[in-house]
Structure formats: structure tokens, C-alpha cells
Amino acid sequence: MAIIVTVNPIPNAHASPLYEYYNTGEDTSQGVLGATWVGQTFTTSSIGHTITSVKLLLKKIGTPTATLTVGIRATSSGLPTGEDLTSGTLDTSTLTTTNAWYETLLTEYTVLASTMYAIVIRCPSCVTGNYPSWAEDGSSPSYTDGQAATSTNSGSSWTEASAYDNLFE
């Protein structure tokens, strides 16, 4: 006698919808260390929603042991501005030496519809030779709802990096 058991997977009721993202075309990366912060602006869809996490395509250079902060900020003239609206942290020692997706949980924050925001990552305690690096598309960046940005003075001022798009979900 044979018994056949059929198991139907239960959909993940906790899976969050993917609203804004740019997740293809990785061919270079940008280091995040000391006063060098990296950002990627994005424009929300026509529906406001709550952000609870962000995924970034990251790797480590060397053996960093510092904390990486991932924040969401408002923008002005297409660049990050002000303080974090929400943020979370990631232990850089957990990163691999090849690009992989890392999710950072954020304090819940509701974004407005059709509004530009910026993902800003920073690692002030990271140093040359030991730091995280954020994957970018530098050969054919095609994210039309935002752009990469860099700051070399801990976020006091930002420069557009329109030749790149950082990968995020």
C-alpha cells in the first residue's frame, strides 16, 4: 500500500511587495568609508507605502568590522538632504568578498506617493583597505527614477553621479 502526501506551500504572508528597485547591470562598485558616503535617489510609485527594509548589493574589501548605517533621506534638487527619516544598521564583518544581496531592517516609515527620496549608506569607522562597497551599474545605467550620489564630507554636501546607478531593492 502506498500513501501519497501532497504538500501545498503556504504563501509567505509577511513578504513585502517590491515597490522601487534597480537590480541589474552590476559592473563596478563604490567604496563606503570614513567621510565618503554613497547615495541612490529613487522616486516612489503613485501609491504611498511603508518602508520596513532595504536590500543592497554589497561586498566587503579587506576585513571590515565596523557598522554600516543605511538610511532613507529626503532630497532637494535630486540629492540627499537633511537627517535620516528612518535607518538601520548592518555589521560589515558579515559581508562576503563577492557581491550579494543584504537586507537591512529599518524603523517603519511611510513614504509619500510620487516623491523622491534617497538611500544613504555610511561607515564612518571604516578605513582604507577595510570597507564595504556598493555595487553599481556604470556601463549602462538606466534607472530613470533617480541617480547615484556621493559625499566626501560625511553628507554635508552631495555630488550627482549620473554615470552610475547603485543596485537596490
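Biologist: Where is Asp137 found?
Modeller: Asp137 is in strand β8, which covers residues 131-137. Keep in mind that this is a predicted model.

Biologist: Which side chain of opposite charge is nearest to Asp137, and how far away?
Modeller: That is Lys59, 14 Å away. Asp137 is buried and has no salt bridge. A salt bridge would need a side-chain nitrogen of Lys or Arg within 4 Å of a carboxyl oxygen.

Biologist: What lies 3.0 Å from a polar atom of the Asp137 side chain, then?
Modeller: The backbone nitrogen of Ser140. The backbone nitrogen of Ser139 also has a polar atom of the Asp137 side chain 3.3 Å away.

Biologist: And leaving aside neighbours within four places in sequence, what is Asp137 in contact with?
Modeller: Its contacts there include Tyr22, Thr24, Asp27, Tyr164 and Asp165.

Biologist: New topic. How many aromatic pairs are in the whole structure?
Modeller: Four. In one of them, the ring centres of Phe42 and Phe168 are 6.0 Å apart and the planes are at 40°, so this pair is tilted.

Biologist: Why does that pair tie together parts that are apart in sequence?
Modeller: Because Phe42 is in strand β2 and Phe168 is in the segment after β11, 126 residues apart in sequence. Phe42 and Phe168 are both buried.

Biologist: What about Tyr143 and Phe168?
Modeller: They make an edge-to-face pair, 5.5 Å from centre to centre with 90° between the planes. Tyr143 is buried, as is Phe168.

Biologist: Which residues do ring pairs link into a cluster?
Modeller: Tyr22, Phe42, Tyr117, Tyr143 and Phe168.

Biologist: Last one: what lies over the face of Trp37?
Modeller: Arg122, at 5.0 Å from the ring centre.

Notes
Residues are numbered from 1 along each chain as its sequence is written. This is a predicted model: local features need pLDDT of at least 70, side-chain atom pairs count only at pLDDT 80 or more; totals for chains, interfaces and linings use all residues. Side-chain values use heavy atoms; hydrogens and water are left out. Helices (H or I, at least four residues) and strands (E, at least two) are DSSP runs, numbered from the N terminus. Buried means under 20% relative accessible area, exposed over 50%, partly exposed in between (1.4 Å probe, protein chains only). Lys and Arg count as positive and Asp and Glu as negative; His and the chain ends are not counted. A polar contact is a pair of N or O atoms within 3.5 Å; within protein, one must be able to donate a hydrogen and the other to accept it, and residues adjacent in sequence count only if both atoms are side-chain atoms. Contact means heavy atoms within 4.5 Å. Rings of Phe, Tyr and Trp (its six-membered ring) pair if their centres lie within 6.5 Å; planes under 30 degrees apart count as stacked, over 60 as edge-to-face and the rest as tilted. A charge sits over a ring if NZ of Lys or CZ of Arg is within 6 Å of the ring centre and within 35 degrees of the ring normal.
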